[in-house]
Amino acid sequence: MSAQVSKIFVARLLGLDVFDPLGDRLGRLRDVVVVSRGPKKPDACVGLVVEVPGKRRVFVPMTRIQSMEANQVICNGLVNMRRFQQRGQEILVAAEMFDRTITFIDGSGRGVIEDIGLAQTRRGDWEINEYYVQRGEPTANLLGLRSRRRNKVLVSWDEVSHGSKSEPQSADTFVAAHDEMKPADFADALHEMNEKRRLEIATHLQDERLADVLQELPDREQVEILSALGLERAADVLEEMDPDDAADLLAEVSEETKHQLLDLMNEEEAKDVRRLLAYPEGTAGSIMTPVPVILTPESTVAEALASVRLEELSPALASTVYVVRPPLETPTGRYLGQVHIQALLRAAPPEPLGDILDTELEPMSDLANITEVVRHLATYNLTSVGVTNKEGRLVGAITVDDVLDHILPDDWRSQD
């Protein structure tokens with residue numbers, strides 16, 4: 001193993017690209033795995049968790065690592081592409097050691113781990129060498145927000161002792177280190193944690209961020225986190241979720257809890273969710289998005305392009321504008337047709353949508369089953385389709401990602 005770098009900090013490794021010896025990108029480094037060797041020896045680094053294409057996280061043993069540098073990691077040899085599963089003695093540094101409270105052996109108090117330094121021994125092995133520690137413990141200020149003293153120190157591994165793994169643990173460092181991670185990737189990291197750590201990190205997130213992450217987790221873990229929030233905060237988070245995702249989550253909790261949460265939610269947000277919950281499971285109405293892009297036939301191409309440009313719209317939802325008679329809130333006035341974004345890009349900005357309307361593609365009934373929706377999307381190569389009720393009013397739209405969530409197996413996130 002190359003000795004190009006003898007010491008490196010874990011926080012600098014997170015998110016780095018991992019390459020094979022030919023320069024082909026293997027994936028992205030997400031965590032470092034260590035094992036304890038007892039109180040008289042530093043923890044040994046045994047491998048890396050690397051996210052490969054397909055969002056799968058795999059284990060790469062340190063014996064396969066050729067070099068670790070500040071801007072890249074190079075892996076030497078074949079890698080087992082089986083999904084990483086943490087074993088009993090293994091510890092994930094970023095997920096489980098960042099924010100852990102330690103005690104200074106010299107009696108000077110306690111601190112919180114913010115980063116961990118790895119050093120390479122003469123034999124080529126890697127082990128924990130130093131801890132970057134914030135002295136003092138998290139305290140609450142007058143606003144109820146966490147604050148810490150600014151005294152940060154770098155200490156050797158043998159100058160501190162660790163508390164029990166069952167002790168409450170902050171999430172400040174982990175959340176800050178993964179702030180720019182996509183919600184689906186953040187959810188994947190949470191999915192691999194034990195329940196205690198998953199709840200500590202999830203409850204630390206801001207409502208909007210937590211809503212985005214929750215939507216990417218398996219049902220069981222969504223309910224687990226929602227239950228830990230308390231009713232009032234849980235209602236706030238549900239308000240930040242897409243109505244169809246909020247409805248799916250509420251369908252997994254008890255009837256009593258569901259009604260309590262709906263009563264606590266903002267009336268407008270709750271109205272959309274209640275409408276979705278009223279549909280039988282497995283119908284188009286139960287999985288649709290009740291707030292697609294909706295305009296009148298008199299609206300211009302320029303107005304339509306401005307509407308689909310909104311940042312909060314998913315690419316699939318932004319691909320189509322649905323044209324109706326007023327009112328524009330679902331259920332709308334009579335459904336007239338749709339305009340795909342490609343048609344908008346080809347037309348002149350002042351042109352009315354009524355002149356470029358596609359009236360040949362039929363919408364789906366709100367009572368159609370999901371199989372019919374899948375066939376319709378596949379037959380016409382669509383990314384979304386409008387949903388109407390028996391009166392011909394638009395009540396929502398179904399996007400291809402809505403369908404995928406319901407046709408993939410429940411455990412697809414954890415499958416190899």
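The lining of the second largest pocket divides into 8 nonpolar, 4 polar and 5 charged residues (Ala, Val, Leu, Ile, Met, Phe, Trp, Tyr, Cys and Pro count as nonpolar, Asp, Glu, Lys and Arg as charged, and the others, Gly among them, as polar). The model is predicted: local features need pLDDT of at least 70, side-chain atom pairs count only at pLDDT 80 or more, and totals for chains, interfaces and linings use all residues. Residues are numbered from 1 along each chain as its sequence is written, and side-chain values use heavy atoms, with hydrogens and water left out.

Of the 17 lining residues, Ser36, Gly38, Pro39, Asp43 and His162 are the closest to the pocket centre. A pocket here is an open set of points on a 1 Å grid over the protein atoms alone, where a 1.4 Å probe fits, with protein on both sides within 12 Å along at least five of seven lines; lining residues have an atom within 4 Å of a point. Strand β15 (residues 160-162) gives the largest share of the lining, 3 residues; strands (E, at least two residues) and helices (H or I, at least four) are DSSP runs, numbered from the N terminus.

Elsewhere, β19, β20 and β21 form an open sheet in that order, with mixed pairing; two strands pair if DSSP finds at least two bridges between them. β19 (364-365) and β21 (394-399) are the edge strands, each with a single partner, so one side of each has no neighbour in the sheet. β19 runs parallel to β20 (residues 384-388) and is joined to β20 by 2 bridges. Serine 365 has threonine 388 in β20 as its bridge partner.
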